Amino acid sequence: MTPRIPGNDYTVLDPPALGSPWTPRLRVSVVVPAYGNQAKLDLTLAGLAVQTYPDDLIEVIVVDNGSRPPLRLPDIRPGNTRLLLCPTPGRAVARNTGLAAATGDVIHWMDSDVVPEREEVEAHMRWHHLAPYLSVTSYLRFTTAPLPDPSEVAEAEDLAKFFEPAESHAWIESLVERTDGLTRTRRAFSIHIGGATSVGARLFERAGPMDPEMILGQDTEMGYRLAQAGAVFIPDPEARAYHLGPSMRMRDAESISRVSHPLVADRVPVYQWLRKHPTRRWKVPLMEVVVDAADASSDDVRATVDAVLAGTLTDLSVLVTGPWDEIAPELRAPLTDPHLDLALLRAHYGHEGRVRLVSGPSDAVAPFRLRLPPGWAPGEDTLARILTLARERNLGLVSVLLDESAEGITAARLERTEAFARAALLVSGDEGKAGDRDDDLDAVVDEIFGTFWTDGETYGFSRGSEAGPLLSVRAAYRARVEAQAEVERLTKEVERVRGQVAKWREEARRWRRTAVDYRREIGSLRRQIATLRRTRRRRGLRSLRRIKVLARGLTRPFNPKNS
C-alpha cells in the first residue's frame, strides 16, 4: 500500500541509511542541461560516474543548449550517458528536451556546474522507493575553489578537500530550519531547484513540463505545479553536492528578483505578497469557482455567478460547465430553442474575462476550487471567509451545507487542489486504477489533509431568489468613502474626548495637590494650636501656683515679728 503522507510531513517515511543493505529497483534519469563550459560539465559527469547507486539503473542525458563549440562527452562518465542537441535557447526548453527523452521512474535535475558526492543519487533514490509522489532536494554548497581534474573527482571519497571552504544555500536551509524540515509550511515547493532535485516521473505526467515562457523563476513555478499535482517535498542533508561558483541570485539578487517576480506572481497564486494589486487578473487565479449549468436555469446560474463576481475575493475565475459544443443558434424560433438557457448564459458571459464556458475539466492549476450549486448566492465576503478557514486550518476540503431534504443534501465544496491530486494518486495506486468514487477521494483527503463541515447561513449563503441587490463598484466606493469620513469624524471626536479627559485628569491632579497642601497647612495649624494650648496651659499653671502662694500668705495668722 502506498504510504499516505499527511500534508508535507514526510517523517512518517523511514528510508534506509546510506550504505546499508537494500535492494534498488527504480531507474533514474539524470537530466543535465548545459551551455558551454566543458570543464565544469566534465566534473559533473565524473561525479556521476562513481555513484553508489547501481550504474545499470542510472541514465544520464546531457542536453547541449546551443554551445559554441559544441559540447562533447568526456571519457570519465556514467556508462549510459547520451548527448542531445537543443538549439532553442532557454533552460526550460533544454530541460524539457531531456525530460521527453528520459525513460527513468525518477527524473533527477542536475545543473552542468554541480558536482555530486558519491552517495548523492542513492540518497535521493532511497526516498523514491518509499512513495511515488516525492520531490527530493540536495543540500548544495557554493564553492569558488580552483577546479580539480575529473580523475581526481572520480577517485575522491570526499569532495570537501577540493571545494571547501564553501558557502551554504542560506535561504533554503533557513526555510528548512524554521519549518521543522518543511513539515510545517505550505510553501515547501519553494525548495524545488533545478541544480539538484529529483521528482517521481509520475508527477511530471500530471504536472506537465517546464514553462518555456519563464525566463527566470522556472524552478519555483515548476515546484508549484508539482505541489498541485500532489508532491511531497523533502530536503535531504545527506544528499550533498557542490555548485561550482556562486548562484545567479548570489551574484545579483536585485536584478534576478526584478525579472523573476512578475513571472512568478502571475503563475504562483500562493505568493500573495507578490500580488499587491487589489483587483487585477492573474494567469493562475487563487480560486477557481465551478458552476454546473447543464441542467440549471439561466436565472439560477446568473444569481450564483454574479454574486461570486461581486464579492470581496477578486483573485478568482469562474468556470461555467455545460454542453457548450452542442449549442447552435436558433434563428427562426429562438424561444423554442432546447438550449435556450445555455444560449442566454453564453450571451451574458461570453465577453466577461473572469468567466469561462467550458465543457470539460479545467487545465488551470489554481490552488483552490470551489464547486457551487446554481441558485445559491454567496454573500459579499463569503468566499474570502471560507478560503481563510481552509488556509488557516490547512484543510483539504471544506463542505458547506446549504439545504437538506428527502432527496438529499445540497452543499458547496471548497477543494484544495494538491489534496485531491494526491488522494487521486493514492486511490489509483491502491486500487490499480484511477477514477474511483468521490467519497473514496474525500476519505483519503480527510486522512492526509483533513476535512470540515459548516453551514451556509453562518458563512452568508442565501438562495439566489432571496439575495439582496448587488452593490455596484461605485456604490461600494461611496460607502467606503462615507465610512472613512465617519471613521475620521469619530477619530477626531475620540481625540477631542481624550483631550477633555486629559484636561480633567490634570485638573484632578491639581485638586489633589491643592488638597494635599491644605492638609499640610491644616496639620501645621493644628500643631501650632497644640503648641499654644500647651504654652497657655503652662502659663496658666504658673499663674495658678502664684495665686496659691499668695492665697496661703493671706491666710496665715498675723505675727508682729514677721512684719
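**View 1. The second largest cavity, at about 30 Å³.** A cavity here is a set of points on a 1 Å grid over the protein atoms alone where a 1.4 Å probe fits but cannot get out, and lining residues have an atom within 4 Å of a point. Grid points are joined across faces, edges and corners, with volume being the space filled by probe spheres set on them. Around this one sit G47, V50, P116, E117, R118, V153, A156 and L159. That lining splits into five nonpolar, one polar and two charged residues (Ala, Val, Leu, Ile, Met, Phe, Trp, Tyr, Cys and Pro count as nonpolar, Asp, Glu, Lys and Arg as charged, the others, Gly among them, as polar). The model is predicted: local features need pLDDT of at least 70 and side-chain atom pairs 80 or more, while totals for chains, interfaces and linings use all residues. Residues are numbered from 1 along each chain as its sequence is written, and side-chain values use heavy atoms, leaving out hydrogens and water.

**View 2. The largest cavity, with about 50 Å³ of space.** Its lining is T137, S138, Y139, L140, H169, I172, E173 and I193. By class, that's four nonpolar, three polar and one charged.

**View 3. R275, a buried arginine with a relative accessible area of 8%.** Buried means under 20% relative accessible area (1.4 Å probe, protein chains only). The side chain of R275 reaches the backbone oxygen of V284 at 2.6 Å, and one of its polar atoms lies 3.4 Å from the backbone oxygen of D266.

Definitions and conventions
On a 1 Å grid over the protein atoms alone, a cavity is a set of points where a 1.4 Å probe fits but cannot get out, and a pocket is an open set with protein on both sides within 12 Å along at least five of seven lines; lining residues have an atom within 4 Å of a point. Buried means under 20% relative accessible area, exposed over 50%, partly exposed in between (1.4 Å probe, protein chains only). A polar contact is a pair of N or O atoms within 3.5 Å; within protein, one must be able to donate a hydrogen and the other to accept it, and residues adjacent in sequence count only if both atoms are side-chain atoms.
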